[in-house]
Amino acid sequence: MNKKPKFKMSAMAKREERWGLIFVAAPAIGFVLFMAWPIIFAILTSLTKWNGSKGFAGMMSKYCGLDNYVKLFQDTKFWKTVLTTVIYLIGIPVGMILGLILAMGMNRKIPGVRVLRTMYYVPVISSLVAVSILWAWVYNYDYGLLNVIIKTLTGHHGPNWLGDEILIKVSMIIFMVWKGLGTSIILYLAGLQNIPRSYYEAAMVDGANGWQKFKNITLPLLSPVTFYILVTTLIGGFQVFVEVQVMTNKGGIGYSAATIVYYLYEKAFESYQLGYASAISLVLAVIVFIITALNFKVQKHWVKTID
Amino acid sequence: MKKVLSLLLVAAMVIGILAACGGKEAAETPAEENKQEETVGAKIEVKEEALNDVKVEGDFAGQDIRVFIFAQEHEKTVYQSLIDKFTAQTGANVTFEVTTSDEYGQKLLAYKAAEDMPDVFYVGPEAVAANVNDGYLLPLDDYVDAAVVNNLWGTVASAYRYDGKTAGNGQGSLYALPKDLSTFAFAYNKDIFDAAGVAYPDPANPYTWDEFVEVCKKLTIDKDGDGEIDQWGCANALQWALDAFIYTNGGHFLNEDYTKVVIDGQPEFVDAFQFFADLTCKYGVTPTVEQDTALGGYQRWLDGQIGFYACGTWDVGAFMDKNTFPYQWGLCGWPTGKTGVSMTRNGSVGFAVSKDSKVPEAAAKLITLFSTDLEGQRVLSGETTGASLQIPNIMDYAKGDFKAKIADGTIPYGDNVDVIFNYIEGTDKYRGLFVETNYTYNADWWSEFLSGGYEYVLKGEKTAAEYCHEVQPAMQAALDNAIELQKAAEN
């Protein structure tokens, strides 16, 4: 048998190793405390009927196996919120297309372009609660800006934007697109400015028209940005909560505007079913994980880089 | 290994991001009156000298009491003053933590999960059973004098009793002393009645439904002649007002032992709900669903657009404030259905002592002071502030001095304060009750009723019978789940 050769470390090396371990320990402990343990705790909670009482021991005494998951898969209200959440995702491609168009417009040297860029970015840095309240007023049936415009232009009263099962979803999507547009524009602008001019010059020499340049140069070379926006907005899209909480009355007419996270919140903090709410959060995490993984899997077929 | 690690990291990122989302919080105890209280615009000032005569007996030197409640500013001032008197006279140390009603539930939940319960905290009647089952509440029978309990309103003392089976039926130990007992009476705008030339309602004889509709029709008018109605007979927020129609018609949501939802095909319930909806979609005497989403009934009432509107005991201070509500008004009974008795919901929040408290005697003494000290009650019921936010907990005072001060104008109040007393005490024409959510483990079954799309009934696009038939299975599933959770909590 071969024995491993023994290395004797110098005092300095030992000290360095110790410091190295200390430096590594900070993020490692942080990860265990704030990531790994909460995940394990959430998994454990999801296997109980815990209502928050009597700490960890109280939780484990209410162990119920996979009951919460079985119930969840039969819970029509949960699936309704899943469907609503997915419908809201329609706003993602809409926002991306609009963002790209506006970014291309703002990528030109036109007067006032900086002011325009700033204005589009204002919603991004504004408080989500504040702008949600603002938009709830925009959509107000009698006094809302939207219906006042409709009445002025057509002479007819506008619809009840937040009081109809379909319109409430449309209203939420419009709001989300507006709120997220600034981010897409900024990212696309950065992407556009990274495309070397020489590519367009070469295309011009080859006689390419505007559409061909856009289709064969701009779009493919923006694909990493598109991919980034897609992944982050998809994750964000599954977490919609504040808008629903602020703009609707208890999830809207017939619970038509409620999202997965809104339902989770109600279960956890209004009826104190922490076990059930944890099960919802884990199923949601799995859904997001699968979609994100699929995105990464498929991206190699369409995401192109300059290299 | 690398793959596993990276998978873990991605999972952690996803869950971390999900965990980061949050928002407005809710109270554990519904404490409906407190949620609505926050709509009040009246500014109330409390004079410290109003509490000069407070006397406390007992020696609790060196004992630490932790109090955690939600309160508005003026209430906080009153309780802080009472605490100051308590600490000065008994030698106890009191830590007083106050939050908002919105945040209370989550903070209390955190204390429960961390097993770090305050000695004194709020509990609503609906949460007594669950908290006793979880071992959080100290029975107060050995700590509070019977004379004190006997001088509380019977309704509210019963509400905080629990015998291990059913809470709120007056049986078993007492688990809390009331912070207040509220009732959800009905009010009318006298100026609107005068302008329409309609006689005021007679509080001795609440309207029947038919009479009510007729009066409301007279009050529903297009004032400015633009072709659109801009003054309505009444406005009713379903989540608070439906009970008043259901119970007076002999209807109920649940069976006697609160295990079955029984609204589908129950004529008393269905007819009452249909009448409630007809006020909007058939008789047109309330704002439409659309108009209500644009501007709620409360705002319209304050703006003088509504003839009849609900008036909780906590609303009186605001309705008497001329800057908030510049109209004359009076109290009357909710209209009566089949039973001929005007009914409404009562509400309450109570001071409880933690079962794990190391200073139960001192804590019980303190909550007795909070709940039943005469000077404190004078402030909270408006005698020394001029703004009444609650009916006094002490019956003798409520029926004696309090009413006398209303009569002589010291406490500003709408006409017919007896309506409030009638609902609290119960008469042959009036009855106040705790709604059925108080007797079930949680209120999820009621949330199902609210989230099932009842608005379609108010719009006339669906009948009450159809809606009840549709929504009952979901309500029953939620109730079954509540019963299951209660069993899990009891084990």
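This is a predicted model: local features need pLDDT of at least 70, side-chain atom pairs count only at pLDDT 80 or more; totals for chains, interfaces and linings use all residues.
Chain B as a whole comes first. Chain B contains 21 helices and 11 strands. It has 491 residues, and 58% of them count as buried. If one takes the contacts in chain B between residues at least 6 apart in sequence, 74% of these join residues at least 24 apart.

Helix H3 covers residues 73-90, and helix H15 covers residues 360-372. Their axes come within 10 Å and cross at roughly 135°. Angles over 145 degrees would count as roughly antiparallel and 65 to 115 as roughly perpendicular, so H3(B) is oblique to H15(B). The crossing of the two helices is right-handed. On the H3(B) side the contact is made by B:Tyr79, B:Leu82, B:Ile83 and B:Phe86, and on the H15(B) side by B:Ala362, B:Lys365, B:Leu366, B:Leu369 and B:Phe370. Sorted by class, eight of these residues are nonpolar, none is polar and one is charged.

B:Thr90 lies in helix H3 of chain B. Its relative accessibility is 3%, and because the limit for buried is under 20%, B:Thr90 counts as buried. What does B:Thr90 touch, once residues up to four places away in sequence are not counted? The list is B:Val56, B:Glu57, B:Gly58, B:Asp59, B:Phe60 and B:Ala61. For one of these, B:Glu57, the separation from B:Thr90 is 33 residues in sequence and 6.8 Å in space, C-alpha to C-alpha.

The side chain of B:Thr372 reaches back to the backbone oxygen of B:Thr368, at 2.6 Å. Apart from neighbours within four places in sequence, B:Thr372 is in contact with B:Val148, B:Leu152, B:Gln377 and B:Ile394.

Helix H16 of chain B spans residues 374-380 and includes B:Arg378. Is B:Arg378 buried or exposed? With 16% relative accessibility, this arginine counts as buried. When neighbours within four places in sequence are set aside, the contacts of B:Arg378 are B:Glu383, B:Thr384, B:Tyr397 and B:Asp401.

A loop in chain B supplies another buried residue. B:Pro335 sits between strand E9 (329-332) and strand E10 (342-353). At 1% relative accessibility, B:Pro335 counts as buried. Without counting residues up to four places away in sequence, B:Pro335 touches B:Phe186, B:Tyr207, B:Thr208, B:Trp209, B:Phe212, B:Phe245 and B:Thr248. The C-alpha atom of B:Phe245, 90 residues away along the chain, is separated from that of B:Pro335 by 7.7 Å.

Helix H4 (residues 76-88) and helix H9 (residues 167-193) of chain A have axes that come within 9 Å and cross at roughly 45°. Angles under 35 degrees would count as roughly parallel, so H4(A) is oblique to H9(A). This crossing is right-handed. H4(A) contributes A:Thr84, A:Ile87 and A:Tyr88, which meet A:Lys169, A:Met172, A:Ile173 and A:Met176 of H9(A). By class, the contact has five nonpolar residues, one polar and one charged.

Two loop residues in chain A deserve a look for their backbone angles. Where is A:Lys54 found? A:Lys54 is in the loop between helix H1 (11-46) and helix H2 (55-60). The phi of A:Lys54 is positive, about 60°, although the residue is not a glycine. Its relative accessibility is 26%, so A:Lys54 counts as partly exposed.

A:Tyr255 belongs to the loop between helix H12 (242-247) and helix H13 (260-269) of chain A. A:Tyr255 has a positive phi of about 60° and is likewise not a glycine. How does A:Tyr255 count, buried or exposed? It counts as buried, because its relative accessibility is 2%.

Definitions and conventions: Residues are numbered from 1 along each chain as its sequence is written. Chains are lettered from A and ligands numbered from 1 in the order in which they are written. Side-chain values use heavy atoms; hydrogens and water are left out. Helices (H or I, at least four residues) and strands (E, at least two) are DSSP runs, numbered from the N terminus. A polar contact is a pair of N or O atoms within 3.5 Å; within protein, one must be able to donate a hydrogen and the other to accept it, and residues adjacent in sequence count only if both atoms are side-chain atoms. Contact means heavy atoms within 4.5 Å. Axes are lines fitted to C-alpha atoms, for helices over the stretch in contact, and angles run from 0 to 180 degrees between N-to-C directions. A crossing is left-handed if the near helix is turned anticlockwise from the far one by less than a right angle, and right-handed if clockwise. Ala, Val, Leu, Ile, Met, Phe, Trp, Tyr, Cys and Pro count as nonpolar, Asp, Glu, Lys and Arg as charged, and the others, Gly among them, as polar. Buried means under 20% relative accessible area, exposed over 50%, partly exposed in between (1.4 Å probe, protein chains only).
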